[in-house]
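Please open the model in a viewer and keep the selection tool at hand.

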Amino acid sequence: MMIKRILLKEKSMKVFVLFVFNLFWCILSLGIFVFNKHFSVDDYSLLYQQKAASFTDIQQNMRIVSGSLYYLLDMWGINIVEWQIFFGTILIITFAWIITRITMEIEEAAKAKVDAGKIILLNGGTLVLFLNAAISEYLYYSGVYAQWIIGILGITYGAICIGREKKIAINWLAGLAALIVTAGSYQTFMAQYAYVVMTLIFLRNEGKINRKSVMASIRAAIAAVVAMGINILGVKALVQCGIIGNDSRMKFDLMKIPELLRSISHEQKSIWIDGMGIYPKGILAFLIVFFVGILFFVMYKRRAKIGEWIYLAIVLSSGFCVMYGAQILQGFIRVTNRGMYAVFGIYAVSVWIIGIYIKECDWKIVKQFIVCVISVFLFYSSSKINGIAVDVLKTNIVSRCYMEEINRRICNYENLNSVHITKVGFFRDAFVSYRYYDFIDTGAYGDMCANPFLAEWSSVNSLNYYTNRQLELVSVPEDIIQEYEGKNWDEPEWNDQLIFDYDTVYICVF
């Protein structure tokens, strides 16, 4: 009993130290984003229409859990965007915990003694999975922090429970419940679930394809499918009851699969060579060769059999297949940082298995090199996340300055003409700029740092937010659009870009 208590105390201390270390990394990487109030194009809409957005989240995104959560928060007077720093703080703590928890579960799955050096390496793999720079696009949307918290907790405990070998039925049901929460909050996290649970099963079965490992993998897959199915059935039930409309983003077309597969093939260059606009050219491809190359070396030294190689290939590709499976179901392939967030699971899986299987004689040779590469990767990723956070804040500042100037001119027009402006319409010049490129540096793929005037759901809401008005969005007359279709500006020329028509102002977005 005494020995058991000592071991438990040592384990608790190990978990605590690892959690503190991970919390430091999470604050370093995510702090500028979550501790500074910022707004994405979607956030401006959520500021005014959180209740409506809760129904949209269920109807279009098929996220019944997060949609219900937003509805309840709205009833309680809690706006998720106004409370973003609170939810962001919880998000950072949650990240630190799930990274720690997954690392410790992988250590336990090894069924062998794992020293402190190897735990650091295993933890590095988990950090790469969750704190890579593609996380920036998630952090940009402060309105999703709450659903993200429950989503990553869902995949973590879903994978841990379903990956266990004891009390299989009870653990499977507990894992299924966790995955139902994830499926109803943020489905794309299922890719991370696949990487974690398949790695746990692989390690617990020492890489062997046998009845136990096959059945465990099948149970893991069935849990994910059932969780997604329950979520879809729940949404369908709400549609049948007339609570929400039938306007899902899921546009699956069996005939389009060959075309989508070709798109997936063509888009690989954007990820591995172009680095999704965040990483240096070719670095992600180099890292794949580096980590997978060492993994193959370790498996070769282990004298892995053909079955183990096949099993390893399945584990390495599991999350990648889930990630693209989700895009196939929605009917189109698009490379964004949030959409490609799961590709870093290939690195994580490689590091986890290297850390468990590498022999002591080889460990002394590669230990420092691998840890060094992971450290450089994490430091670079952290710097890019922080750089993008600064660009998001710059975008908000420039937007606010532009809108305050627009408001000043509206006030001047109202004073001169004794008219109160109540309506606004937006249209574009010949070559509209997606971002304020004169002020920001980011070339990241996706929707980050967008000019809020370019989206219908953010244009009027952002203007109302910064000017404290209640303008109504209206269509721009066709004759004005035609008059301006050949004009182009690279900077504001408000005398030309603002058109007043009694109680309405039309704004040409440059």
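**A tour of the aromatic rings**

Begin by selecting Arg-302 and Tyr-357 in this predicted model: the charged end of Arg-302 sits over the ring of Tyr-357, 3.7 Å from its centre. Next, select Arg-63 and Tyr-186, where the charged end of Arg-63 sits over the tyrosine ring at 4.2 Å from the ring centre.

Turn now to rings that pair with other rings. The structure contains 41 aromatic pairs. One of them joins Tyr-402 and Trp-494, with 5.7 Å between the centres and 75° between the planes, an edge-to-face arrangement. This pair links distant parts of the chain, as Tyr-402 belongs to helix α16 (residues 360-417) and Trp-494 to helix α19 (residues 494-497), 92 residues apart. Are these two residues buried or exposed? Tyr-402 has a relative accessibility of 14% and therefore counts as buried; Trp-494, at 10%, is buried as well.

Proceed to Phe-427 and Tyr-484. Their ring centres lie 5.2 Å apart and their planes meet at 80°, so this pair is edge-to-face. Phe-427 is in strand β1 (residues 423-428) and Tyr-484 in helix α18 (residues 478-484); the pair therefore ties together parts that are 57 residues apart in sequence. Phe-427 counts as buried because its relative accessibility is 6%, and Tyr-484 counts as buried at 7%.

Finally, select Tyr-279, Phe-286, Phe-290, Phe-291, Phe-344, Tyr-347, Phe-369, Phe-377 and Tyr-380 together: ring pairs link these residues into a cluster.

Definitions and conventions. Residues are numbered from 1 along each chain as its sequence is written. This is a predicted model: local features need pLDDT of at least 70, side-chain atom pairs count only at pLDDT 80 or more; totals for chains, interfaces and linings use all residues. Side-chain values use heavy atoms; hydrogens and water are left out. Rings of Phe, Tyr and Trp (its six-membered ring) pair if their centres lie within 6.5 Å; planes under 30 degrees apart count as stacked, over 60 as edge-to-face and the rest as tilted. Helices (H or I, at least four residues) and strands (E, at least two) are DSSP runs, numbered from the N terminus. Buried means under 20% relative accessible area, exposed over 50%, partly exposed in between (1.4 Å probe, protein chains only). A charge sits over a ring if NZ of Lys or CZ of Arg is within 6 Å of the ring centre and within 35 degrees of the ring normal.
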